[in-house]
Amino acid sequence: MEGAIQYPQFRKLRGGDVWYRIEGPARWTEFQRIGTRWVRHDVVAVQHPERMTLHDLRHDGERYAEVDRTEWAEAVGEELPGAAKPVEADLAGRTTFGVPARATHLIEADSDDAVRAALAWRPAGMPLLVLGGGSNMLVHADWPGLVLAVTVPGVAVVADDGRYVEVVVGAGEPWHDFVMHTVEAGWGGLENLALIPGRVGAAPMQNIGAYGVEIKDRCLWVEAVAIADGGLRRFSAAECGFGYRESVFKGAERDRWVITRVAFRLDRQAPLRTDYGAIQSELPEGPWTARDVAEAVIRIRQSKLPDPAILGNAGSFFKNPVLSAEAYARFAQEHPDAPHYPQPDGTVKLAAGWLIDRAGWKGHDRGTHGVHAQQALVLVNKGGATAGQIWQLAQDIRRDVLSQYQISLEPEVNQIGL
Ligand SMILES: Cc1cc2nc3c(=O)[nH]c(=O)nc-3n(C[C@H](O)[C@H](O)[C@H](O)COP(=O)(O)OP(=O)(O)OC[C@H]3O[C@@H](n4cnc5c(N)ncnc54)[C@H](O)[C@@H]3O)c2cc1C
């Protein structure tokens with residue numbers, strides 16, 4: 001299984017001054033000395049000749065000598081980026097809740113090597129927080145360690161058969177910009193996920209979803225640098241263990257990886273998903289395009305969800321509860337009017353927003369913070385709230401919903417430093 005191979009691996013051309021670092025199952029970097037200069041090529045091996053070369057690099061010991069990290073670094077080490085200098089940083093401006101918090105060290109990393117350099121800089125035992133756009137976290141205290149802000153750029157088409165397009169996207173790309181890029185290009189499948197804040201690298205973390213689509217429907221693979229040793233691993237979509245607001249990166253592989261790029265398989269003929277929420281009523285006269293759907297989604301979201309630039313929030317604070325068929329049957333006897341969504345596995349998803357609304361919390365106001373007036377699932381920082389106050393409100397809502405409906409709400413927002 002590809003995933004079990006450790007990266008990077010190092011090779012040298014026998015009898016020449018060409019050095020290779022194999023970054024992952026379909027990627028290597030070549031360093032060639034020309035006079036006193038090093039020329040560097042980053043190669044993505046998705047087509048036949050590059051794949052063959054990669055195979056030879058790995059297996060043709062007569063042409064390529066296997067070298068270890070130290071020998072390789074001595075030869076071309078000066079070409080590796082050093083860790084950017086860590087800076088002390090304000091996290092309030094880097095998170096959409098905007099509650100006060102600082103980090104003792106923050107490094108921005110725009111490549112796999114920069115991620116590795118930052119990890120190598122981190123003294124043993126120093127706490128590490130990986131940061132994207134900060135739109136799915138509530139930071140409870142100053143971070144006494146390294147915040148690694150992933151800014152890896154780039155959108156690259158690596159295969160296109162006229163219908164399906166495979167596109168590899170750097171973890172630092174803003175998610176919404178990437179979705180609009182796919183809409184512009186006519187690549188279908190992600191249009192329902194327009195206007196979700198954050199960066200591409202965080203999208204697999206909780207398998208982001210909206211309006212009947214999740215990234216698992218279009219994700220091909222995820223590449224990530226190991227926090228333990230800097231190795232690059234490619235996780236196939238199956239290995240990502242995607243579920244409702246879940247992935248292996250929040251479960252068994254938690255705190256072990258820095259995601260640096262994500263690949264998607266998009267479809268110029270993807271059927272449009274217009275059956276969810278209020279999309280139909282927002283659409284103009286048909287026939288529709290993916291752009292029509294994206295624009296309808298944007299209008300609906302703008303009318304319901306607070307803009308984090310104006311009102312601090314992290315979207316849905318709680319996950320929608322998923323009940324077994326039996327538990328739902330008991331619940332439905334008392335609440336037959338509750339919106340519910342049968343799942344393929346027989347479970348039934350309820351709308352957490354409906355439960356919170358019915359329990360009387362919609363628009364609840366505590367001065368500096370409260371529950372959004374248009375969407376009961378969103379807790380807001382109206383200005384000057386602390387994470388502790390928002391967390392207290394969340395606990396009060398949880399307790400109340402539990403006592404009124406015997407349903408335990410789980411937070412969707414990541415609690416940092418709680
Ligand atoms: C107004 C609003 C609406 C929203 N609507 C939706 C919605 O419809 N559907 C939905 O699913 N979500 C929604 N969200 C939540 C959020 O936007 C998404 O979860 C988004 O993917 C988070 O991206 P981020 O870059 O901001 O992640 P961050 O908040 O920076 O990080 C989230 C988690 O991922 C980790 N992480 C981030 N980047 C990486 C990386 N490169 N490698 C490893 N770990 C990483 C962090 O450590 C953290 O645990 C909404 C949020 C807001 C504010």
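Visitor: Which residue of β12 stands opposite Val157?

Guide: Val167 in β12 stands opposite Val157. This is a predicted model, where local features need pLDDT of at least 70, side-chain atom pairs count only at pLDDT 80 or more, and totals for chains, interfaces and linings use all residues. Residues are numbered from 1 along each chain as its sequence is written, and side-chain values use heavy atoms, without hydrogens and water.

Visitor: What makes β11 and β12 a pair of strands?

Guide: Strands are DSSP runs of E with at least two residues, and helices are runs of H or I with at least four, numbered from the N terminus. Two strands pair if DSSP finds at least two bridges between them. Here 5 bridges join β11 to β12, so the two strands count as paired. They run antiparallel. Their hairpin has 3 residues between the strands, and Gly162 there takes a positive phi near 95°.

Visitor: Which sheet holds these strands, and in what order?

Guide: An open sheet of 5 strands, in the order β11-β12-β17-β15-β16 with antiparallel pairing. From one strand to the next, the twist averages 20°.

Visitor: Why are β11 and β16 called edge strands?

Guide: β11 (155-160) and β16 (232-236) each pair on one side only. The partner of β16 is β15 (residues 219-226), joined to β16 over 5 bridges. Trp221 has Ser236 in β16 as its bridge partner.

Visitor: How do you know that helices pack on this sheet?

Guide: By contact, meaning heavy atoms within 4.5 Å. Helix α3 (residues 112-121) touches β15, β16 and β17 (257-267). The direction of α3 makes about 35° with that of β15. Helix α4 (residues 175-185) touches β11, β12 (164-170) and β17, and makes about 20° with β17. Axes are lines fitted to C-alpha atoms, for helices over the stretch in contact, and angles run from 0 to 180 degrees between N-to-C directions.

Visitor: What makes α3 mostly covered?

Guide: 8 of its 10 residues are buried. Among them are Asp112, Val115 and Leu119. Buried means under 20% relative accessible area, exposed means over 50%, and partly exposed lies in between (1.4 Å probe, protein chains only).

Visitor: Is Tyr211 buried or exposed?

Guide: Tyr211 is buried, because its relative accessible area of 11% is below the limit for that word. Tyr211 also has a positive phi, of about 50°, although it is not a glycine. It lies in the loop between β13 and β14 (213-214).

Visitor: Why is the pair of Phe317 and Trp391 called tilted?

Guide: Rings of Phe, Tyr and Trp (its six-membered ring) pair if their centres lie within 6.5 Å; planes under 30 degrees apart count as stacked, over 60 as edge-to-face and the rest as tilted. The two ring centres are 6.3 Å apart and the planes are at 45°, so the pair is tilted. Phe317 lies in the loop between α6 (290-304) and β18 (322-323), and Trp391 in helix α9 (residues 387-405), so the pair ties together parts that are 74 residues apart in sequence. Both residues, Phe317 and Trp391, are buried. Ring pairs link Phe97, Phe317, Phe318 and Trp391 into a cluster. The whole structure has 15 aromatic pairs.

Visitor: How do you know that Arg265 sits over the ring of Tyr164?

Guide: A charge sits over a ring if NZ of Lys or CZ of Arg is within 6 Å of the ring centre and within 35 degrees of the ring normal. The charged end of Arg265 is 4.0 Å from the ring centre of Tyr164. Arg233 lies over the face of Phe235, at 4.1 Å from the ring centre.

Visitor: What is known of the contact between domain 2 and domain 3?

Guide: 13 residues of domain 2 are in contact with 15 residues of domain 3. The bounds, from an automatic or database domain assignment, are 87-150 for domain 2 and 155-304 for domain 3. The domain centres, taken over C-alpha atoms, are 24 Å apart.

Visitor: Where is the cis peptide bond?

Guide: The bond from Gly286 to Pro287 is cis, with omega near -5°. Pro287 lies in the loop between α5 (279-282) and α6.
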